[in-house]
Structure formats: C-alpha cells, structure tokens
Amino acid sequence: MNRFVFVFLLSILIISCQDIIPEFNGEESFTFLEKQCELGPRYPGSDEIELCRNYIIDELKKSGAEIQKQEFTSIIKEQEYKGVNIIASFYPRMSRRILLGAHYDTRPWADKEEDASLHNEPIIGANDAASGVAVLLEIASIISDKQPGQFGIDMVFFDLEDMGEYGNNTTWCLGSSYFAENFTEEKPEKAIVVDMIGDSDLQIEMEYFSYHNSPDLVNEVWNTAKELGFSEFKPKITNMIYDDHYPLICAGFNAIDIIDFDYPVWHTLEDTPDKCSPNSLYVVGQTLLTIIYSEK
Ligand SMILES: [Zn+2]
C-alpha cells in the first residue's frame, strides 16, 4: 500500500471512530423534564403519577424498547401503596449489558421548607425525579436510532424512592429494593443510577458507597467526563447517600450513583424547572452516551 493511501485510510478510520458517539441533545432532554413537571406533583397514590407512568411508557414505545411493568405493594406509615417499576430493554439479544436507573416518583411532602405549614404540600420535583428521567428518555431516543457496538441497554424507572423518613434508610428506595431483590437474570456489567443531576449549578462528587463498591466504574465515569472537558464532575469522594444504587449494591450489582446532593431547594416547593438547565442534563447525558458507545 502506498503511504498516502495508508494515511488516507487511517484518517477515515480515526474520523469514523470519533463519529461513533452520538450527540446528546440537552434542549430536547429538558423538554422531557418540563413535561413531567407540567403534569404536577407525581407522588405515589396521585393521579399525576399514573399520568407520568403513561408518559414515560409512551416515550419509550417511540424508541421501540421492550417494556415491562413490575408491580409491587409497599406499606408506608400504615398505608398500602401500589408501586410500578418501568423496565425497558434495548437490544435484548446483546449479551453485554449496561443498566441505567432513575426514580420518577416525587416526594409528597415539602418537609425541608422553613415554613412548617408547607410541610404537607407535594413538591414538583424538577430536579429530584424529573431530571434523571429526562436524561434516560433522551438516551432512549438516541440508542434506538443507533445501536451501540458493544452493549445492550436496560433502563429502570424506579417508583417509591422518595417516601422515606430521614435517618431511616429502609423506608427509602422501595422500588429499587424490590427490583434488586427480585432480579434473577445475569447481572449487567455496569449499573448507573442518575438522580438530581439537573441543577444549573451542577457539581457531582463521587458518592461514597459507589466508590467503595465500584471504584473502577466511578473512575471510568469521572475520567470520561474529564476527557469530555466536563469540570462539573469533581474527583472528590463525598458523603454516603442512600439512593437507588444502594439496594443494587446489596444485591451484588456493580452499581454507582451519579448525584449532585448539594441542592439548596431539595424537598421544597422551589424544586422547579427554573433551577435546572439543559446544559446540566447534557453534561451527564453525554458522559453516559460516551460510556454506552465505548468500544471497550
Ligand atoms: Zn428526594
């Protein structure tokens, strides 16, 4: 082969490798966040959470995913709640799998409001629920258009994450606990939960349980973000956060949480779309896409 032909072919190869990772659309993802919020507060037992389930399922159907509803019941404060985890599988015949998770239920109580008379008001949950779902729905639309080379993807939209009592870990993350305890298939290579990643002032530190259970996966995500120039991912280990990744870890998954827990309006009526930004969704979404489309 002549040297020029070789260089020409090599440059085509390099260009096509660079081309392999699609672009995450932060603006479109943000519309998924806004649409969830327009439904109103989406807490367990409300009509709005049922509308939200239907909304998520309708969006997933557009992506041609195989969809399953995993139903369960939980008793919270002596009341029975019906929970539904929504599970979507893309390219189910691919043996190497990545699981992505986010909760879609919102907290029925704005109990971090300073004014105690507001504590029984339900929150809109733009960041605390809608942001994670919004990133997953945008990824769903992208992977249905272009199959990743190495991985099939499973998404789980968890219910009943946010009905817990502060300081009592077993009262949170009921949907992911049910999912993890009833999971009988071969475990995915990687499981990544996203929660509260829409904050306009995005700063994502390495969550403690994630790092201690799955340091390689944490490093892969943070290094990927660094290579993409996303300084929002901070290489610093932070507090333990009991989120939907924790029941997965207990069940033996290689699972981590991507969460920005420094959100001043957490569990208040101020958790609204204006506190969130398309760019924050983009930063997290593009990092996840880069891992999904990785050839490793
Ligand atoms: Zn919450």
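Colleague: Is the crossing of H7 and H9 left-handed or right-handed? Please describe the surroundings of this pair as well.

Modeller: The model is predicted: local features require pLDDT of at least 70 and side-chain atom pairs pLDDT 80 or more, whereas totals for chains, interfaces and linings use all residues. Residues are numbered from 1 along each chain as its sequence is written. Helices are DSSP runs of H or I with at least four residues, numbered from the N terminus.

H7 and H9 cross in a right-handed manner; a crossing has this hand if the near helix is turned clockwise from the far one by less than a right angle, and is left-handed if anticlockwise. The axes of H7 (residues 215–227) and H9 come within 9 Å and cross at roughly 115°. Axes are lines fitted to C-alpha atoms, for helices over the stretch in contact, and angles run from 0 to 180 degrees between N-to-C directions. H7 is therefore roughly perpendicular to H9, a class that covers 65 to 115 degrees, with under 35 counted as roughly parallel, over 145 as roughly antiparallel and the rest as oblique. H7 contributes Glu 220, Val 221, Thr 224 and Ala 225 to the contact, and H9 contributes Thr 287, Thr 290 and Ile 291; contact requires C-beta atoms, placed from the backbone, within 7 Å.

H9 has 15 residues and reaches 20 Å between its first and last C-alpha, close to the expected 21 Å, which is 1.5 Å times one less than the number of residues. Twelve of the 15 residues of H9 are buried, among them Thr 287 and Ile 291. Buried means that 20 or more other C-beta atoms lie within 10 Å of a residue's own; exposed means 12 or fewer, and partly exposed lies in between.

H9 (278–292) also receives buried residues of H2, which pack against H3 (47–62) and H4 (126–145) too. The buried residues in H2 are Gly 26, Ser 29, Phe 30, Phe 32, Leu 33, Gln 36 and Cys 37. They lie on the same side of H2, because they cover an arc of only 150° around the axis, taken from the directions from the helix axis to the C-beta atoms.

The axes of H2 and H4 come within 8 Å and cross at roughly 135°, which makes H2 oblique to H4. This crossing of H2 and H4 is right-handed. Its contact includes Phe 30, Phe 32 and Leu 33 of H2 and Ala 130, Ala 134 and Leu 137 of H4. Just after H2, Gly 40 takes a positive phi of about 105°.

How values were computed:
Helix = DSSP H or I, 4+ residues; strand = E, 2+ residues; numbered from the N terminus. Contact = placed C-beta atoms within 7 Å.
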